Amino acid sequence: MNVGDRGRRRLTLLPGPQFLRVTKQYLPHVARLCLISTFLEDGIRMWFQWSEQRDYIDTTWNCGYLLASSFVFLNLLGQLTGCILVLSRNFVQYACFGLFGIIALQTIAYSILWDLKFLMRNLALGGGLLLLLAESRSEGKSMFAGVPTMRESSPKQYMQLGGRVLLVLMFMTLLHFDASFFSILQNIVGTALMILVAIGFKTKLAALTLVVWLFAINVYFNAFWTIPVYKPMHDFLKYDFFQTMSVIGGLLLVVALGPGGVSMDEKKKEW
């Protein structure tokens, strides 16, 4: 075996490319399941906590029994229907628009608009839906049917760019501003990976690293199964856990689909 053969053999054994080859058929399905998990969990919660959710909306907005019940029913139906359509790969674009509407509705109804941390997490969740919407579009489809457009300027590419940028907002909520060595190291590494994903450089490797990092943080800090169900903290941690899983699903879509045309990885091919 000569030097060139050994070099090529080493390249084939790299963990990143090897992981992508092995999981190529399954990764998009896992990504979609993770992405809709927060909507699925919230829709089921609306069913089992119908009266509590209705009373909360009625008390907060003083809107009356009927409007509060309609809000809960809309959330339940919209989220569960959207999840079923996404998982069955039917009318995915309509499902994404419906879930976008649910995010906007909940942002207003639960006053998330004034809580920067939760707002950034909701925007990150919207970024995941943008990537799902981009995945559902055929490669050559354009918003302006019949009008020729360059590949780099197609709506799909900008959806992928917007999705990547919004996804990294999740990690900005995880930064810790203290002087401990571990926090400083975590902030430096995390910020570097966020920048790589946002600009689309070494995107798949950076996104996969963020998936591992975020999953570890999620399991450690949001272990809702260790808290008794009757305690309020159980629901708070459960909400954070599944919302984080949805962002992980968005990052897995980045790993599966790549960064898109508006990225440094794509521009390198032209250099």
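**Close-up views of a predicted model**

**View 1. Helix H12 dominates the pocket lining.** H12 contributes five residues to the lining of the largest pocket, the largest share. The model shown here and in every other view is predicted. Helix H3 (27-48), helix H4 (50-61) and helix H12 (232-257) each provide at least two lining residues. The volume of this largest pocket is about 540 Å³. In total, 16 residues line the pocket; closest to its centre are Arg 45, Gln 53, Tyr 110, Phe 236 and Tyr 239. By class, the lining splits into seven nonpolar, four polar and five charged residues.

View 2. One cavity of 30 Å³ or more is present in the structure. The largest cavity has a volume of about 90 Å³. Among the residues lining the largest cavity are Thr 38, Phe 39 and Asp 42, along with Gln 79, Ile 102, Ile 103 and Gln 106. Asn 122, Leu 125, Tyr 239 and Gln 243 also belong to this lining. H3, helix H6 (92-109), helix H7 (116-136) and H12 each give at least two residues to the cavity lining. Five of the cavity-lining residues are nonpolar, five are polar and one is charged.

**View 3. The largest nonpolar core.** This core holds 52 residues. Phe 39, Leu 132, Phe 171, Leu 210, Leu 214, Leu 251 and Leu 252 touch the most other members. H12 gives the most to this core, eleven residues. A second, separate core has seven residues, including Phe 71, Val 72, Leu 76 and Ala 109.

**View 4. Contacts of Phe 39.** Which residues is Phe 39 in contact with, leaving aside its neighbours within four places in sequence? They are Gln 79, Cys 83, Leu 99, Ile 103, Leu 125 and Leu 129.

View 5. The unreviewed UniProt entry carries the annotation "transmembrane region" for residues 65-87, 94-113, 157-175, 181-201, 208-229 and 241-262. Residues 94-113 are 80% helix and 0% strand in the model. The end C-alpha atoms of residues 94-113 are 25 Å apart. Residues 241-262 are 77% helix and 0% strand. For residues 241-262, the end C-alpha atoms lie 31 Å apart.

Conventions
Residues are numbered from 1 along each chain as its sequence is written. This is a predicted model: local features need pLDDT of at least 70, side-chain atom pairs count only at pLDDT 80 or more; totals for chains, interfaces and linings use all residues. Side-chain values use heavy atoms; hydrogens and water are left out. On a 1 Å grid over the protein atoms alone, a cavity is a set of points where a 1.4 Å probe fits but cannot get out, and a pocket is an open set with protein on both sides within 12 Å along at least five of seven lines; lining residues have an atom within 4 Å of a point. Grid points are joined across faces, edges and corners, and a volume is the space filled by probe spheres set on the points. Helices (H or I, at least four residues) and strands (E, at least two) are DSSP runs, numbered from the N terminus. Ala, Val, Leu, Ile, Met, Phe, Trp, Tyr, Cys and Pro count as nonpolar, Asp, Glu, Lys and Arg as charged, and the others, Gly among them, as polar. UniProt positions are given in the numbering used here, feature names are shortened, and annotations may be inferred rather than shown by experiment. A nonpolar core is a set of buried Ala, Val, Leu, Ile, Met, Phe, Trp, Tyr and Cys residues joined through side-chain atoms within 4.5 Å. Buried means under 20% relative accessible area, exposed over 50%, partly exposed in between (1.4 Å probe, protein chains only). Contact means heavy atoms within 4.5 Å.
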